[in-house]
Structure formats: structure tokens, C-alpha cells
Amino acid sequence: MEKELWKGNEAIAEAAIRAGCDCFFGYPITPQSEVPEYMSVHLPQHGGVFVQSESEVAAINMVYGAAGSGMRAMTSSSSPGISLKQEGISYIAGAELPCVIVNCMRGGPGLGTIQPGQGDYYQATRGGGNGDYRTLVLAPSNVQETVDFVQEAFDIADQYRNPVMIVCDGLIGQMMEPIEWHPIPKRKLPPKDWAATGRKSREHNNIINSLYMAPEDCDRHNHHLAEKYAAMAKNETRWQEHQCQDAEIVITAYGTPARIALTALEALRAEGVKVGLFRPVTLWPFPERALHNLAAASHVKAFLDVEMSSSGQMLDDVRLAVEGQKPIHYLGHAGGVMPTVEEMVDAAKAALKEVK
Amino acid sequence: MKREIIISGFGGQGGLAIGKNLAEAGMAEGLNVTWAPSYGPEMRGGTANCSVVLSDKPVGSPVFAHPTELIALNEPSLAKFEAGVQPGGAVFVNSDVVTDKVQRTDLHAYYIPCSQIAEEVGNPKVGNMVMLGAYVAQTGLLKPETIEAMIHHMFTGSKAKLVPLNIEAFRRGMACVQ
């Protein structure tokens, strides 16, 4: 397969088109504007619909409508824009509709900065909208993974009738890297017999709704959702371990910091420091069991969590998984500043020194 | 083999394009590559830069504080990045725009009159191809044939007439350091 050099954001859009995205609704915001820009030119050429909406709120509600009629629908934005979409995401999750949402994260809070950030971890994994719902959250750390995940996300969304989020950051969106368009394994998907496509000869109306007036009905619906989320947690949890077999210090990181950590691993291993990387690939479901088991290994002495967040958000999940078995240190920057290889090297050594 | 290169200059000088050309050529020669641009308000009339990694192993961090080589197309770029270059590294300076000299004595400095050569070959826009030639010839990282094939690929149809001009600029740049 021939390699092609693609910019992250444009590759996201092309991947969605290849995955059969029917409709894209979006609004420009740095650093993800190349996604709607590319879509505006290329999606209509493939028979799809592109709408630049009047706002992010409108865009997510257009996704709601299109997904409700059985279309493969997508939106993308960056942090402040994703905040505006939260109500719609909650409705879509409540109405059990599949869609793909890309968050090319920048620094916050508020308008923050247009430079890369990871301060939306809580929002993505805990739900920025109301109610008991989950979105499956995929966190690629290079452009190849990003295009693979975007393509797979449509299938995952259809399989579970649930929104799937791809969270990358400004750097992944803006950088160029060689990729291959290899085929993505196809899932066996249920028919969209729930879609509101007009009654025709059907016995009943298909109704898309997230409102349950009777508390018992709403309770039942929530328990049904919880069962679905449990199935997602069982089947879809993903992570990667690098050089963890003998690691004394394990770095936990996702997205861009995880790939910076790979260079730190090289530097530390060259100095004889036994270091590994545990990288959650799905942020929800979080690879809790795998990290718990790694923490139980006798060779592991300590953890170093690294994020583009001032005091750590994924850190909470790392703590829940490690369950106090080993000390956890933290290194983070927010507001568009990325942690450096040198900082990771120093922090890993310092963490190890404390336990030796 | 791993090279970490920063290319920096005014918007419009073609610095980001030099980086893309290096990444494309590196990929064509089977290397692992990344190209990461600075993005932000500094790009409007100010200095823009990009970070390129060429490596025979998978690329970890696409950003770095200590480049192996710096290509400085304007003065603010030299002032900003010279201090970070790895000892023994190389700095390529567009000497028609930058009057300052490289201060550090542990670096190899190459002064390339990009604008002047570009004028001589007939188009001020190809100054970046002159610099690319100097970089390729000095580092020996990439084959000149790969770059020239890429130039043929880049300019097709009505733009095909720009191929000889760009190749001439590239070769003149190579000659600067040979």
C-alpha cells in the first residue's frame, strides 16, 4: 500500500467520506477548521450533504435530525464549540442515535487558546450534558490512528446506537504524517429499522425521542442504557503498552503526550532506566482492569501521569485503576504548552528516586 | 538516523513548503516523517515555522526544543532558535534577508544568498528551493533525484513550465555548499 502525506484534519474528513458519512454539519473554529473546509468541497462530490450551520448548537441538532432518519451523520469542532454541543449530545445519547463527533482539543477554559490542549477529558468521559449517558471516546495519537478510528467510529456508533467521540488535539489536527488507506474491518451491523424515514407500509410509527414522562419508563430506559454501556465497556476497551514488561516506572498518557513519551522512553532506556508507557486508547471505557493489573506487578514501582492539563483529569481514572497500589506522580501543562521530552525524563527519574 | 529540523521565516517566504518538501522526499525514500506547523496569530505578517522529523525509526515526538538543523529565513527566526540547536548542528541562513551572523562557535553555519540566486534564475519566489538545495547537498540525507522527481510531480498541466525554473534554483542552492 502506498503511503500518502496527509494533514490530520483533512485526513479526518477524507476518512469520514470513505466510511460512508452522508451528512456533515459544522461551524469553523481553530484548530479544526480544515475538517469542515475539506468536507464542504469533497462531501457533496460523493453525494453527501454539507451544511455550515449558523452555530454549533444548530450543527449538533442537525446531526440529531439526520441520525434520526438513519443517515451517517458527523460533526467536528474544537473545545469551546464542543461545549456548545453538549445538550445535543445528551439528547442524541438519550434517543439512542449513532453519530460521530470529533473534538480537536485546544486549551481552555472558556476561549482559552487555539493551541493544543487536553482539558476536555472530563467533558468527554463524564459527559458535559445532563443525565446518565456515555459516549465512547477514542483518543488517537497519530494521523494514521486518527483516520482508522474515524472510519471505525461510524460502525461502532451504528452497532451500539450511540455517539462516538474522537478526541485528538490541535497538533494532531494540524500536523502532516504519512498514512495508508488500508481497509477497516467491517462489523456486522443491525438494520436501522428504528429510523424515522416515513411510515409507508409499516405497522407503527418510528419515533425519535429522549422524553419519558412516566418515571418508571425513564428508569427502565436508563437501565437499558446502562446495560448497553456495560457491553461497550466489555467489548470496546482498548489500550497499548510499550516496554511495560520490566518497567519500574510507567508513564500514563494519551494522544500527543503519549507520542512525546515514546521519545522520552528512548532517552530513558538509553540511560538504563526501566520505563514503560501505558496508553489508554479508549478514554471511555477506560482500560481500568489492565492498568490495575499492571500496577499489581512487582516490578512496577511508580506511575507518572502526563497530560496537557494543569493538574490532571485522566489522573482521576489512573488513581481509580491503580487503587493505591503504587504512588502516582503528575506532570502537566495547559493553555497550549506541551510537555517536553526533557521534562518527562526528569520527572520519571525523580519519581523513581523517591521509591528506590 | 534521526534529524529534527526547524524551518522558520516570514509568511510567504516558503518555509513551510521547504518543510513539506523535506517530509515528502523523506517519505518517498522510505523514512518515517512528521511535519508540524506553528499555527496562530504570529502567522499574519509575522514569523511562521514548522518542525520536521526524518527518521529511520517510527517518530515519537513531532515537536522538539533542540533541532539538529535550523533553517532561518529571517532575523527573528535566527534570534529565536539559534540557542536551541544541538551542539555540532547546522544553521542555514538566508543571507539576503538576515544580516546577523550565527553567534555560537559550536555550530556549522551556511550563508545562502537565496533571494539573489532566485532573482538570477528569474523568479524571486523560488528562494526556498535554493535553500532546499543547500540543505540537501550539505546534509546528504536525501537524494537530489528524489527532490527533482518531486518537483516534476508538483508542477503539472499549466504549471509544468515552472519545473525547469525550480530545478535550476534547487541545483544552484546545492552548488552553494559544494
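Two residues are taken to be in contact if their C-beta atoms, placed from the backbone, lie within 7 Å. On this basis, the contact between the two chains of this predicted model takes 20 residues from chain A and 16 residues from chain B. On the chain B side, helix 1 (15-28) and strand 2 (32-37) each supply at least two residues of the surface that touches chain A. The largest share comes from strand 2 of chain B, with 5 residues. By class, the side of chain B that touches chain A comprises 10 nonpolar, 4 polar and 2 charged residues. The model as a whole scores pTM 0.96 and ipTM 0.94. For chain B, pLDDT averages 94, and 97% of the residues score at least 70.

Chain A is divided into two parts, domain 1 (4-236) and domain 2 (240-355). Their C-alpha centres lie 28 Å apart. Between them, 28 residues of domain 1 of chain A are in contact with 21 residues of domain 2 of chain A. On the domain 1 side, at least two residues each are supplied by helix 6, strand 6 (136-138), strand 7 (163-169), helix 8 (170-174) and helix 9 of chain A. Helix 6 of chain A gives the most to this side, with 4 residues. The side of domain 1 of chain A that touches domain 2 of chain A is made up of 14 nonpolar, 11 polar and 3 charged residues.

The largest nonpolar core has 162 residues, and those with the most contacts inside it are A:Val63, A:Val100 and A:Ala261. Helix 7 (residues 143-160) of chain A provides the largest share of this core, 9 residues. Both domain 1 (4-236) and domain 2 (240-355) of chain A are represented in this core, each by at least three residues. With residues up to four places away in sequence not counted, A:Val100 touches A:Ala16, A:Met74, A:Val150, A:Ala153, A:Phe154, A:Ala157, A:Val164 and A:Ile166.

A:Ala261 belongs to the buried part of helix 10 of chain A. This helix (residues 255-270) has 16 residues and reaches 24 Å from its first C-alpha to its last, close to the 22 Å expected at 1.5 Å a residue. Helix 10 of chain A is mostly covered, with 12 of its 16 residues buried. The buried residues include A:Gly255, A:Pro257, A:Arg259, A:Ile260, A:Leu262 and A:Leu268. Just after helix 10 of chain A, A:Gly272 takes a positive phi of about 85°.

Most residues other than glycine have a negative phi, and most peptide bonds are trans. A cis peptide bond, with omega about 5°, joins A:Thr30 and A:Pro31; A:Pro31 lies in the loop between strand 2 (23-26) and helix 2 (34-45) of chain A. Another cis peptide bond joins A:Gly108 and A:Pro109, with omega about -5°. A:Pro109 is located in the loop between strand 5 (99-105) and helix 6 (121-127) of chain A.

Positive phi values also occur at residues other than glycine. A:Lys200, in the loop between strand 8 (176-179) and helix 9 (215-236) of chain A, has a phi near 50°. A:Lys200 is exposed because 5 other C-beta atoms lie within 10 Å. A:Gln243, which is not a glycine, has a positive phi of about 55° and lies in the loop between strand 9 (239-242) and strand 10 (249-252) of chain A. With 16 C-beta neighbours inside 10 Å, A:Gln243 therefore counts as partly exposed.

In chain B, helix 6 (residues 162-176) has 15 residues and reaches 22 Å from its first C-alpha to its last, close to the 21 Å expected at 1.5 Å a residue. Its buried residues are B:Asn166, B:Ile167, B:Glu168, B:Ala169, B:Phe170, B:Arg172, B:Gly173 and B:Cys176. These buried residues of helix 6 pack against strand 6 (108-112), helix 3 (114-121), helix 4 (127-139) and helix 5 of chain B. B:Met150 lies in helix 5 (residues 144-154) of chain B. B:Met150 and B:Ile167 are 17 residues apart in sequence and 10 Å apart in space, C-alpha to C-alpha. B:Met150 counts as partly exposed because it has 19 C-beta neighbours inside 10 Å. Not counting residues up to four places away in sequence, B:Met150 touches B:Asn21, B:Glu24, B:Ala25 and B:Ala28.

Key:
Residues are numbered from 1 along each chain as its sequence is written. Chains are lettered from A and ligands numbered from 1 in the order in which they are written. This is a predicted model: local features need pLDDT of at least 70, side-chain atom pairs count only at pLDDT 80 or more; totals for chains, interfaces and linings use all residues. Ala, Val, Leu, Ile, Met, Phe, Trp, Tyr, Cys and Pro count as nonpolar, Asp, Glu, Lys and Arg as charged, and the others, Gly among them, as polar. The expected span of a helix is 1.5 Å times one less than its number of residues. A residue is buried if 20 or more other C-beta atoms lie within 10 Å of its own, exposed if 12 or fewer, and partly exposed in between; C-beta atoms are placed from the backbone. A nonpolar core is a set of buried Ala, Val, Leu, Ile, Met, Phe, Trp, Tyr and Cys residues joined through C-beta atoms within 7 Å. Domain bounds come from an automatic or database domain assignment. pLDDT is the predictor's confidence in each residue, from 0 to 100.
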